[in-house]
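Some notes on the model follow, as numbered points. Please read them with the structure open.

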Amino acid sequence: TDKFKGVIVAMNSCYDSEGNISTTAVKKLTRFLMDKGVDGLYVGGSTGEGLLQSSDERKQVLEAVLEESQKAVTVIAHVGTLTTKESVDLAIHAEKAGADALSAVSPFYYGYREESVGKHWMRIVDSTELPFIIYHIPSTTGFSLTPSLLKEMIKSPKVIGIKITTASTFELQQFKVMGGPGFMLFNGPDEQFLAGRIMGADAGIGGTYGIMPELFVSLEREYRAGRIAEAQQLQYTINDIIADLLQLPVYAALKALVKMRGVDCGDVREPLPQLSEIHIPLINALYHKIMNA
Ligand code: HMN
């Protein structure tokens, strides 16, 4: 449906100076992104540090986002954890709190096979009435969604799509076709947002959108209007920024830039790498690039 189209920000979580969740800052970031015209928010994913938080903290962040957004944008709750029980608990909470959809990475660490991953995901799916978006990110989980598991999962009408974070638009397109009519693909790598859209992604979910929402909102608008040359130009501008970002500890850099844009979300949690003095000049240069783009 239209609810899941366009620019969906994988938003940061916000902490206070002690490192505790700051619901005030989470709301401020939600407002900042909504004011920029994004279509949705993806809460507690990789950029959102969901996997570095307790369940209770994850619930606090989601509730703050939902309180501030008041249904004006689509909110997808990432509920992936290491245990089925905890993910189901987060899913039930997300439904009660008013999220529009659920999403989860595959369980990791023990190197699960298809059967176990499928069971885990389906237990989450069956726990609520919410739509579910598979989070396919083999680079971090070590698990790669297979066509056979996808076929099994889409027997449930609640499984509405895949967020795909791999560099292959071929794989994206093949999953799109496999899913059949109405099945949605969400582009993961921000540096190929346009490529993903052209090959069948209905939307993008990305972490760098948060530091330059204007650029992604414009890119989406140009793409929808069929102005591909303009869209490509915007993607080039974005990619010049992402290329610099990738020279830095990326999640820490995103938070530093979000702060420069007016919302202090604190530092990333350990063991994620923090910024150090040597990174400051590049961060400043990046900020100027974004503001002058
Ligand atoms: C999330 O769950 O936070 C993101 O949606 C994941 C997203 O695909 C990001 N990928 C990772 O963090 C691994 C991208 O936004 C990524 O940060 C960006 O493309 C820069 O490479």
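Predicted model: local features only at pLDDT ≥ 70, side-chain atom pairs only at ≥ 80, totals over all residues.

1. Ile160 belongs to strand S6, which covers residues 159-164. Is Ile160 buried or exposed? A residue counts as buried if 20 or more other C-beta atoms lie within 10 Å of its own. Ile160 has 21 such atoms within 10 Å, and is therefore buried.

2. Beyond its neighbours within four places in sequence, Ile160 is in contact with Pro131, Phe132 and Ile133, and also with Phe183 and Met184. Leu29 lies 131 residues from Ile160 along the chain, and 27 Å separates the C-alpha atoms of the two.

3. How do helices H10 and H12 pack, and at what angle? H10 spans residues 228-245 and H12 spans residues 280-292. Their axes are 10 Å apart, at an angle of about 170°. Angles over 145 degrees count as roughly antiparallel, so H10 is roughly antiparallel to H12.

4. The contact between these helices involves Ile241, Asp244 and Leu245 on the H10 side. On the H12 side are Leu282, Leu286, Lys289 and Ile290. Sorted by class, the contact of H10 with H12 has five nonpolar and two charged residues, and no polar ones.

Technical notes:
Residues numbered from 1 in each chain as written. Helix = DSSP H or I, 4+ residues; strand = E, 2+ residues; numbered from the N terminus. Buried ≥ 20, exposed ≤ 12 C-beta atoms within 10 Å, placed from the backbone. Contact = placed C-beta atoms within 7 Å. Axes fitted to C-alpha atoms, helices over the stretch in contact; angles between N-to-C directions. Parallel < 35°, antiparallel > 145°, perpendicular 65-115°, else oblique. Nonpolar A, V, L, I, M, F, W, Y, C, P; charged D, E, K, R; others polar.
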